[in-house]
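Here's a quick briefing to read alongside the structure. Have the model open and follow the topics one by one.

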Amino acid sequence: MTSNDPWDVIVIGSGLGGLTAAAYLACLGKRTLVLEHHYVAGGNSHVFRRHAKKGTLDFEFDVGVHYIGDCGPDGQIPRMFRGVGLDGKVEFLEMDPDGFDTLVFPDLTFRVPKGWDRYRQRLVEAFPDDETGLHLVLDVLEGVANEVSLVRLPVQPSDLPRVMEIAPNFMRWGMRPLAALFDEGGLSTKARAVLAAESGDYASPPSRVPIILHASLMHHYLKDGAYYPKGGGQVFAGHLVEVVRAHGGEVRTGARVTRILMEDGRAAGVELADGTQIHSEVTISNADLKRTFLELVGEQHISPQTLERIRNFRMSIPLFCVYLGLDCDLSEQMSNTNFWCLDTYDIEGIYEQCTNGVIPRDLPLFITVASVKDPGTEAIAPSGYSNVQIMTMVPPDPELWHTNEGPTAGEKYQRNPDYRDIKEVLTEAMIQGAERVLPGLSEH
């Protein structure tokens, strides 16, 4: 079955990358169709709602947008919205500039401030014996972050002399692991832990994460502070969907793509689960990289070298999330900050345990309170109540969770009693751990 819709572009997946591409293409006059398997658009930016067990209180929880950077007047995020006619449509609420992240270790609390200079000063004050090494490490991180925009990827051999001249930090350090830079600076265990504490944002250990990723993450927040979009992450997707539709495009949910149509070595459209084929001049996938190439495109269309490279990619460590509605107002006892609670300075060891299929002995916790970040939005939490999210890193092994293949294979496991038991035990442990920074949490 073939659809005769004359689409210029098909976008597979309505995550923010797919929706942004679709919005820009639609604004440029391209007939654009977005196909989303889920029943709601937005990918990791969407929200879900839960009712309190007693009464009719509603809490709205973010799936993935907990805080973002680069949202000042000249920031990349507002600039992106400005480009599709959404200037001023999203209000960005700044978190505490003196400590948008609070890192809590056994005998040390470190508040991450806005600005590279203040961050550097605060680190040197906390670790005076590491001052020389800290300056070396921070010079490289800030240098790599600033030089990324100067390098046009991919870099060809003929470009190397120019790139070496304009981006020396990027060329020397960009793809080396963060741990190698820590070694170069001779940093102490505690200094390393503080610098890598927010690695949970990308969930890879210092021994594996390339410096370009860590540097870009830190720069994203440090250059202009951290923000939260008023109304929650769904406002991004909602506005971008409006742009696509206003310019003649469509966003279809409940539309599962099973195959990318290939003709003469190029993508020529898609086939849906019901057998419908839709053709287009351009096809963009915002789906997972492995599933895009190995399942949708098909191995027969991929060179052996590329196929081997794709198969060798592996996911970072997954997160286990606990969502809580509280019958108290936490804004009365905390600043507008996120908490990173770590009971060990061995950041590498946490990841090693997860990789080996073991839930970490010392659970690392990320705690964020949406109702403190956005106190004026009643949908997030009713007045006098709080919306809390706690996350930790866990092993991905299906066996640990008493499942066989997991959700991506379509396995139904939610009512499995063994799965529910381990989920309940971990939930209670995380709530107890969060009482370290939110005393009395369990009572509410």
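Phe293 is partly exposed, as its relative accessible area is 33%. Keep in mind that this is a predicted model. Below, we start from that phenylalanine, move on to helix packing, and finish with charged pairs.

**Surface patch**

- Phe293 sits in helix α11, which covers residues 289–298.
- Together with Leu289 and Phe313, Phe293 makes up a nonpolar patch on the surface, and the three share about 250 Å² of accessible area.

**Helix α4 against helix α7**

- Helix α4 (residues 131–147) packs on helix α7 (residues 178–185) at an angle of about 145°, and the axes are 8 Å apart.
- The crossing of this pair, α4 and α7, is right-handed.
- On the α4 side, the contact comes from Gly133, Leu136, Val137, Val140 and Leu141, while α7 brings in Leu178, Leu181, Phe182, Glu184 and Gly185.

**Helix α13 and its cover**

- Helix α13 runs over residues 347–355, and its buried residues are Ile347, Gly349, Ile350, Tyr351, Gln353 and Cys354.
- The cover over those buried residues includes α8 (189–196) and β17 (386–393).
- Just past the end of α13, Gly357 has a positive phi of about 80°.

**Salt bridges**

- You'll find 18 salt bridges in the structure.
- One of them joins Glu60 to Arg49, with the closest N and O atoms 2.5 Å apart. Glu60 belongs to strand β4 (residues 58–62) and Arg49 to strand β3 (residues 47–51), so this bridge ties together parts 11 residues apart in sequence.
- Asp96 lies in the loop between β6 (92–94) and β7 (101–105), and Arg111 in strand β8 (residues 108–112), so the pair links distant parts of the chain, 15 residues apart. Arg111 counts as partly exposed, with 25% relative accessibility.
- Glu250 pairs with Arg252 in another salt bridge, where the closest N and O atoms are 2.8 Å apart. Glu250 is partly exposed with a relative accessible area of 32%, and Arg252 is partly exposed too, at 25%.
- Asp98, Arg118 and Arg122 are tied into a network of salt bridges.

Terms used: Residues numbered from 1 in each chain as written. Predicted model: local features only at pLDDT ≥ 70, side-chain atom pairs only at ≥ 80, totals over all residues. Heavy atoms only, no water. Patch = residues over 30% accessible without salt bridge, like charges linked within 9 Å, V, L, I, M, F, W, Y side chains within 5 Å. Areas by Shrake-Rupley, 256 points an atom, 1.4 Å probe, with all protein chains shown as cover. Salt bridge = Lys/Arg side-chain N within 4 Å of Asp/Glu carboxyl O. Helix = DSSP H or I, 4+ residues; strand = E, 2+ residues; numbered from the N terminus. Buried < 20%, exposed > 50% of the residue type's maximum accessible area, 1.4 Å probe, protein only. Axes fitted to C-alpha atoms, helices over the stretch in contact; angles between N-to-C directions. Left-handed = near helix turned anticlockwise from the far one by under 90°. Contact = heavy atoms within 4.5 Å.
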